[in-house]
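Have the viewer open as you read.

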Amino acid sequence: MAPEPTTREAKLIQYLNEAYGKEKELETALKAHISMTSRDAYKKRLREHLKETSAQAKGLERRIKQLGGKAEAVNLPGPDVASEAAAKVTAAAKKGVALAQGPLHAIRGTGEAEKLLKNAKTELFNEFEEIANYLAIEELANGLYDRDTAKLAREFRRQEERMAGFLQKLIPQLAKQVVRDEVPPRERKPATAAATRTATTTRTPRAAAAKPKTAAAKKPATRTRTKAAAASASRAKKS
């Protein structure tokens, strides 16, 4: 009979199992997203990441076994009877959620670009969660002098960071495509901006037309002042 994991090993197993559960969950979601994607570059990157995700799950499973644990999607430390039973229930629940998400993701949005945008947002959310998982595992392993686990977590974290970087560049492209596909050009600017432009255009001719009147109105006053000055000069000479 294998010895029970130590407290140190049990804590590492706990966090490795959290990451393992997430990777298994995302395998199903990625398969659904790949089937929905028509963009060649996007589909290719998702397929590559699905391979990475499957390899990560296998790597985590191996490391958990090396530490004396059992790979299950559950946040419990030891492989005792109670944790095994809870692990089965939790793993089944997580698998059910992942399977349900696939069909739900397939009906997202009103158009193709919007479906892809929503998928990419979900993927990026998951990438950051995975990055957090591996960052925590890496530092936990460093604190427990487990170089093998730290190295594994660091490698997987970098894979997730590369995928997150890809998605951060893709999402703005998809958002712009949604605008082009689903919003008519004449409605892309707010109505208030259009009203302001119309009001400005309307006021400008009126202002231009009012200027000659003002200038014309000033002319009589100018002539009156000139006549008054001439009369004053004439009286001064007579004196």
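## A buried glutamine

Gln159 counts as buried because its relative accessibility is 12% (buried means under 20% relative accessible area, exposed over 50%, partly exposed in between, with a 1.4 Å probe and protein chains only). You'll find Gln159 in helix α5; helices here are DSSP runs of H or I with at least four residues, numbered from the N terminus. Neighbours within four places in sequence aside, Gln159 is in contact with His49, Glu52 and Gln56 (contact means heavy atoms within 4.5 Å).

## The helix it sits in

α5 runs to 36 residues and reaches 52 Å from first C-alpha to last, close to the 52 Å expected at 1.5 Å a residue; that expected span is 1.5 Å times one less than the number of residues. At its N-terminal end, α5 is capped by Asp146, with a side-chain oxygen 3.3 Å from the backbone nitrogen of Asp148.

## Two nonpolar cores

The largest nonpolar core has 18 residues, and Leu174 and Tyr42 are among those with the most contacts inside it (such a core is a set of buried Ala, Val, Leu, Ile, Met, Phe, Trp, Tyr and Cys residues joined through side-chain atoms within 4.5 Å). α1, α2, α4 and α5 each give two or more residues to this core, and α5 gives the most, with seven.

Leu174 touches Arg39, Leu116, Leu117 and Ala120, not counting residues up to four places away in sequence. A second, separate core has 17 residues, including Ile13 and Phe156.

## Reading the numbers

Residues are numbered from 1 along each chain as its sequence is written, and side-chain values use heavy atoms, leaving out hydrogens and water. Since the model is predicted, local features need pLDDT of at least 70 and side-chain atom pairs count only at pLDDT 80 or more, while totals for chains, interfaces and linings use all residues.

Note on methods: Polar contact = N/O pair within 3.5 Å; in protein donor to acceptor, adjacent residues only side chain to side chain.
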